[in-house]
Amino acid sequence: MNKNFNQKERDLVKLAGFFKKESIRLMNEGKLGEEHKGVQDAVDRFLEHLENHVNTRAFILEQRDYLNKLVKDNAQCPKCHTSDKLKVVGTEKNDKGWKSNRYRCRKCNIEFTWNMPNNPWHMIEYIQQILGDMQAKAENGSAEEKSQSIQAIASMQGNLDKLKPVIDAHEKDYQALQAREQEMERLLHEFKNSLMIEKIKMDTWENRQNQKHN
């Protein structure tokens, strides 16, 4: 059984496996016609489609989990200015909706929310805002300040140019996955109903064949 199946998918796979096993048995015993083999083939095709879907889903969610942990905020306690005694105790959103980690310093026994996003999605927006502020400041600063700002802006822009395409590509895959998940939910429901109908038809056919033999 594929470890990536959720409970509903696992239950349906078990039902499909039982149905296929029973139909093969009845065909071998001559209690079921060859026309039912088409149903077995349909079951195999659907299960292959489901297998591919859940493997793709697992890959995209694993990738999302990795990206979500990509940002290291390098938080420091505002009181002792160290990071070795910090423990994440939750998250908070600011007025822009950006999520940041909330920490507890076990040395100073205080809690605080770090002032940077804890994920690459919000970090992109954060960097874009910082770049805008730095560019505006550079235009009004001295020649030396402008030179220093240009170097810092170039470095930050380089990091942003590397991060944004990766996040954008993943987000496109993730949104497509959400749409496929809704479609698969509908297909699972319809497939389960079809299996139950075929099982009733199969049981009826078997009973008729038994009556003929008796």
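Buried means under 20% relative accessible area, exposed means over 50%, and partly exposed lies in between, with a 1.4 Å probe and protein chains only. The model is predicted: local features need pLDDT of at least 70, side-chain atom pairs count only at pLDDT 80 or more, and totals for chains, interfaces and linings use all residues. Residues are numbered from 1 along each chain as its sequence is written, and side-chain values use heavy atoms, with hydrogens and water left out.

**View 1. Overall layout of the protein.**
The protein has four helices and three strands. Helices (H or I, at least four residues) and strands (E, at least two) are DSSP runs, numbered from the N terminus. The order from the N terminus is α-α-β-β-β-α-α. Of the 214 residues in the protein, 31% are buried.

**View 2. Strands β1 and β2.**
Strand β1 covers residues 86–93 and runs antiparallel to β2, with seven bridges joining them. Two strands pair if DSSP finds at least two bridges between them. C105 in β2 is the bridge partner of L86. The hairpin of β1 and β2 has five residues between the strands. In this hairpin, G97 takes a positive phi near 85°.

**View 3. Strands β2 and β3.**
Strand β3 spans residues 110–113 and pairs with β2 in the antiparallel sense, over four bridges. Across this pairing, E111 in β3 stands opposite R104. Four residues lie between the strands in the hairpin of β2 and β3. N109 sits in this loop. Its phi is positive, about 60°, although N109 is not a glycine. N109 counts as exposed because its relative accessibility is 53%.

**View 4. A positive patch on the surface.**
K85, K87, R104, R106 and K107 gather here in a patch of positive charge. Patches are made of residues with over 30% relative accessible area and no salt bridge; like charges are joined within 9 Å, and nonpolar side chains (Val, Leu, Ile, Met, Phe, Trp, Tyr) within 5 Å. A salt bridge is a side-chain nitrogen of Lys or Arg within 4 Å of a carboxyl oxygen of Asp or Glu. Lys and Arg count as positive, Asp and Glu as negative; His and the chain ends are not counted. A charge is placed at NZ of Lys, CZ of Arg, CG of Asp or CD of Glu. Accessible areas come from the Shrake-Rupley method with a 1.4 Å probe, and for residues only the protein chains shown count as cover. R104 counts as partly exposed because its relative accessibility is 30%.

H81 is in the loop between α2 (37–68) and β1. Phi of H81 is positive, near 60°, in a residue other than glycine. At 53% relative accessibility, H81 counts as exposed.

I124 belongs to helix α3, residues 120–140. I124 counts as buried because its relative accessibility is 6%. I124 and D161 are 37 residues apart along the chain, and 9.7 Å separates their C-alpha atoms. Q157 is part of helix α4, residues 143–213. At 29% relative accessibility, Q157 counts as partly exposed.
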